[in-house]
Amino acid sequence: MKIVCVCGMGLGSSVIAKMTIESVARDLDLDALVETCDVGSVRSVPADVYVTTRELAPNIPSELQDRTIVLTNFIAKPAIAEALEAWVRSAGDPGRG
Amino acid sequence: MSTDADTVPAERIRLGVPVRDWRHALTVTGDLLTDAGLTTPQYTAEMIAAVEELGPYIVIAPGIALAHARPSDAVLGTGLSLITLRTPVAFGHDVNDPVSLVIGLCSTDTSSHLSRLRRVAAFLAEPGNVERVLAAGDADAVAASLNTDDRGEPT
């Protein structure tokens, strides 16, 4: 599965999100490719799921809202693992290997 | 003595800083980068403008803000700064306020800061580390723990 972390600038909070999510995906044994982009580029970066902050979530295009996870803590692995697992369960993800 | 490989050298760490508000917190954080020759004062203005424009998305975890702006002419080098606040201040984040720890980040491109940022993220994620930094009174000790947190685990 492809996960894209969306941030305001593409080099700060999205990078922290990417690092934490990659670590979580390894722990959960998810086959995930994690990338980052800034909020202006979202439409040009296809993904299975987008991860972003509450401030930026309204800027995610409406057609992508149902595959957007909103996080408030980008450092704590347990909260991110829970959100990711919940999404995978509801999406019936084919990426679990 | 710090090297370029240090995550955050002691001279870019200030502990227990009294600040008036979030803009002041970002100014102190940005000044550490400017004083180190990594940015111009314009970068600090850009970090503040980013929050004014996009909201407090830089408050990436309870009590922790990651101040930064895009690579630009205001960035002269890549590096981090870190401050802890004597009294926490609100950044306007409805879940993660108030903020007690601000990390400043500048990068000349979208990748040269990554290994340092990785170490900071791993350090902050480790239970107890944030509390230890907030209680610390010695910048050298904080720098040392940030620079030696690699445990050989893939990050």
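Biologist: B:Trp22 and B:Phe91: buried or exposed?

Modeller: Both B:Trp22 and B:Phe91 are buried in this predicted model. The label needs under 20% relative accessible area.

Biologist: What makes B:Trp22 and B:Phe91 a pair, and why is the pair called tilted?

Modeller: The ring centres are 6.0 Å apart, and the rule asks for centres within 6.5 Å, so they pair. The planes sit at 40°; stacked would be under 30 degrees and edge-to-face over 60, so tilted is what remains. Over all chains, the count is one aromatic pair.

Biologist: Which parts of chain B does the pair link?

Modeller: Distant ones: B:Trp22 belongs to helix 1 (residues 22-35), while B:Phe91 is in the loop between strand 4 (79-89) and strand 5 (99-106), 69 residues apart.

Biologist: Which residues have the most contacts inside the largest nonpolar core?

Modeller: B:Ile64 and B:Leu124, in a core of 48 residues. Helix 1 (residues 13-27) of chain A gives the most to this core, with seven residues. Setting aside neighbours within four places in sequence, B:Leu124 is in contact with A:Ile75, B:Ile64, B:Leu101, B:Ile103 and B:Val130.

Biologist: How do you know what class of residue lines the largest cavity?

Modeller: Go through the lining: A:Ile21, A:Val51, A:Ile69, A:Leu71, A:Ile80, A:Ala83 and A:Leu84. Ile, Val, Leu and Ala count as nonpolar, so the tally is seven nonpolar, no polar and no charged residues. Helix 2 (residues 77-91) of chain A supplies the largest share, three residues.

Technical notes
Residues are numbered from 1 along each chain as its sequence is written. Chains are lettered from A and ligands numbered from 1 in the order in which they are written. This is a predicted model: local features need pLDDT of at least 70, side-chain atom pairs count only at pLDDT 80 or more; totals for chains, interfaces and linings use all residues. Side-chain values use heavy atoms; hydrogens and water are left out. Helices (H or I, at least four residues) and strands (E, at least two) are DSSP runs, numbered from the N terminus. Buried means under 20% relative accessible area, exposed over 50%, partly exposed in between (1.4 Å probe, protein chains only). A nonpolar core is a set of buried Ala, Val, Leu, Ile, Met, Phe, Trp, Tyr and Cys residues joined through side-chain atoms within 4.5 Å. Contact means heavy atoms within 4.5 Å. On a 1 Å grid over the protein atoms alone, a cavity is a set of points where a 1.4 Å probe fits but cannot get out, and a pocket is an open set with protein on both sides within 12 Å along at least five of seven lines; lining residues have an atom within 4 Å of a point.
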